[in-house]
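Please find below a colleague's note on a two-part topic: the individual chains and the way they meet. The entry under discussion is shown first.

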Amino acid sequence: MNPKINVKDYEPIVGKSYIEELRMLARRLSGKTILNINSTFEGGGVAEILSRLVPLLNQLGVDVRWQTISGEAQFFKVTKKLHNALHGKDEPISDDEFSLFLETTERNLNQIDFSGDIMFIHDPQPAALITKKSDIGKKWIWRCHIDISHPDAQVWRFLEQFVTNYDAAVFSSPNFAQQLPIRQFFAPPSIDPLSDKNKELSPEAVDAVLAKYGLNRDKPLILQVSRFDRLKDPLGVIKAFELVRKNFTCQLVLAGGTASDDPESGEVLQEVRERAAGNSDIHILDIPPGSDIDINALQRAATVIMQKSLREGFALTITEALWKAKPVVASAVGGIPLQVKNRLTGLLCHSVEGAAYALRQILANPDYGRWLGRNGREHVRQHFLIVREIRDYMLMFLTLEHREDVIYL
Amino acid sequence: MAIIDWLRVNWLYVAVPVLVFLGVFFVSLWLRRLSYNALEGWLKARKTEVGKIIISVTRKPFLHWLLILGAYIALQVSVLGPQWKSLGGKILASIFIAYFGWILIRLSREFVQFYLNKTKTPQRVITVTTSIAQVTIIVIGVLMLLELWGAPMTPILIVLIAAIVVAILVFRDIFPGLVSGFQLTQQKQIKTGDLIRLESGEEGRVEEITWRNTQIKTLEGNIIIIPNTKLMQTTITNCGKQPEVAKEPFQFSTRLHLKELTGLSASNLSQLASSLKEIPDAVVYYHTHSFIEEYQFLTPEPTNDFALWVQDALGYDILAERLASIDTFEFPTVGALRQMIIGVIQDFLAQTSNEREAPPGNEFHFIKSISIVLPTPYAAHDLQEFVSILRRISIGSLYFHIFEARLRLQRVTNDFSLWLEECLGEKELAERITRLDPYNYTMENLREIIIQLCEKRL
């Protein structure tokens, strides 16, 4: 368990009564073991959430464990294709690739220790592990972190045969729900306000990071933080920036990294670099995993934070931006509208032009930006911090057997 | 015969000491009467109890002390040899010291009991204080006697000092507690039965104050024991004595919730109205309360998801206004509320020829609210405790007792009003809370308003 994490440290942020309620739920889970399984320990939002969530639940007294599936690079290329196809991208997947997926799953079925009462499986990569249910029973929950509102029909049919065997599925947005014979819960993901990526930083620490990346402290900074992925539309962000820059002095930072299960990101990074070449106000930062303080500092230094994704699971980068009380401009896709209530906690857009229009509003009216930022931070405090996600999961674990609308525990 | 003969010759040797003894005795008796009368008059004018104690304890012994004085003077004027005079003087002085010490012990006991009983000091503190006073007097008396009879004092004093040091070391933790306990009770900062709030946030009713600790029963029902020394160093808010106790305590519950996706969606008004007829009450409940829950911290806007969607996705502003203006507070059941919403939509549809479709990705998704209710450790036994707990319960708890109790669990009104009226007889207060329309306040404002209403009754 990470000794740095202490549940009590969240009391000043969400209040004592909130933490008391978590303890009440944890006591009721005493004696149960929950096993999380996903595809990687590092890189990407799921690993990031689990690395905080597991120790916190352990500290509350819940026996929560975490394992990952293993696979060759070829396997992760297939899962990336599955990921894209579930996001709605036209991504042909051959029978051999489906077979490779199933063979790797089979190998993992023999390697993983499935001891536990509740199997909590994250995302499509390990979804087929459910075949073990017929041998060992137990309760199985599939946690889908990605946008499957418009999945490729062939890939969804393939995945559906596994998903329908789960006891419940959890989605990050209501429009990801499918017609399934199992219970489906809605639980948006969350951020940890005490992590390196979100904790308070001194102005000196922020300045040091800006200096490290050669950024001008005095020039308004538009920032998008995301993996170099076409679905995050980095080229669209550059276009919107170019429209805004005609009237406003500002700089753009596209900061991102790569994850071990995303072999495509290198190609996208190259494309973005080529597109930005020659414009000294566009900074493309390839930030390695683990540079959380750098990301935190960039977000705190930003004037506006963007997330102009074409498809999106939930967009934790938006949650991080809102938590730092920054005005955000984001596409109305996936789980973003859950966080950004247009003109209340940020501005939503549907196009490059719309993004540029929203950016201009904020750059021209700093007070309006600050008001949006304050509302956004409060919205995150109430609904998108890790303590709320922990609470949702504990409630699911406790109520899997119940079918009533009002449950007395 | 020999004695009679000796007296005939030496009668003056006897008569003088006897006359001196009797003279001193009678003069002293007269002086005692004068002084005690004066003292009684002075005390009567001041109506003090202290003097009465002194008079009642010392009146008789005073006579005995005068007898001893008379005997001492008579001895000194007698013709006895110096060694006999010295021996007799020492015996008389020893009797006087012992007797005087005994009276001082009685006086100290009376005084300690008088003062400490007046301040309602615990019996243990009285006993310890009395014992300390008695031991001190006895030690001083013994030292005086030893000095009188010429005993070596240095080793005795060394032993005595060593004993005092040992006693201080052994009781070093007890003394500060004792003093603090004394201060707490004497200054009447807290009393048994008071509801107190400590700087640390702990809150509860004082169960007992002992000479070392104070025992508090917290609002969660836990017993905490705080050393008096610590209590004296912290800031205490004393909310006062327990008001009228309720017939039954109010047990606070909290409500957490899960959102269950139904997989159902609507992309136009007809589909919305059609699904509204079929979906469970828990779905209608979710969509008429989710905005209040989500944005309760930001705005008291009592809108519902149907109104928001009709405006944002379909662009029907007039219908959105009509849906938003449905006063949820007016409806006793979710079913009645559902019928109203369907009626408003159908009225609108009857006047609309071309229905609009929501843009792709903006469909209305039906979500079901699953409430999970848990008992909290908080139970209020009276109005004072009720207010204190109300300050600290979660928004979920407040929401459960106000919103869910009335509409979802179909109780006549909110839980607070029911308890206030039925268990505390606070009919007027209950009615005032019942009349509050909770949909028009943020949750924190609602909490504050209820607290203010209750505090007016305290």
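This is a predicted model: local features need pLDDT of at least 70, side-chain atom pairs count only at pLDDT 80 or more; totals for chains, interfaces and linings use all residues.

1. Residues are numbered from 1 along each chain as its sequence is written, and chains are lettered from A and ligands numbered from 1 in the order in which they are written.

2. Chain A holds 16 helices and 13 strands; these are DSSP runs, of H or I over at least four residues for helices and of E over at least two for strands, numbered from the N terminus. For its 409 residues a compact globule would have a radius of gyration near 22 Å, and the 21 Å of chain A agrees with this. That radius is taken over C-alpha atoms, and the globule rule is 2.2 Å times the number of residues to the power 0.38. Along the principal axes, the C-alpha atoms of chain A fill a box of roughly 65 × 55 × 35 Å.

3. At the contact between the chains, 26 residues of chain B meet 30 residues of chain A, where contact requires C-beta atoms, placed from the backbone, to lie within 7 Å. On the chain B side, the elements that give two or more residues are strand 6 (245-266), helix 9 (281-294), strand 7 (364-382) and helix 14 (395-408).

4. Strand 13 (residues 406-408) of chain A pairs with strand 7 of chain B in the parallel sense over 3 bridges; pairing requires that DSSP find at least two bridges between the strands. Within this pairing, A:V406 stands opposite B:S371.

5. Chain B is divided into domain 1 (11-176), domain 2 (182-242) and domain 3 (246-458), with bounds from an automatic or database domain assignment. The contact between domain 2 and domain 3 of chain B takes 7 residues from domain 2 and 8 residues from domain 3, and the C-alpha centres of these two domains lie 39 Å apart.

6. Chain B also has an open sheet of 5 strands in the order 4-3-2-1-5, with antiparallel pairing. Strand 4 (223-227) and strand 5 (236-240) of chain B stand at the edges with a single partner strand each, so one side of each is left without a neighbour in the sheet. Strand 2 (residues 203-209) and strand 3 (residues 213-218) of chain B run antiparallel and are joined by 5 bridges, and B:E208 stands opposite B:Q215 in strand 3.

Technical notes:
Two residues are in contact if their C-beta atoms, placed from the backbone, lie within 7 Å.
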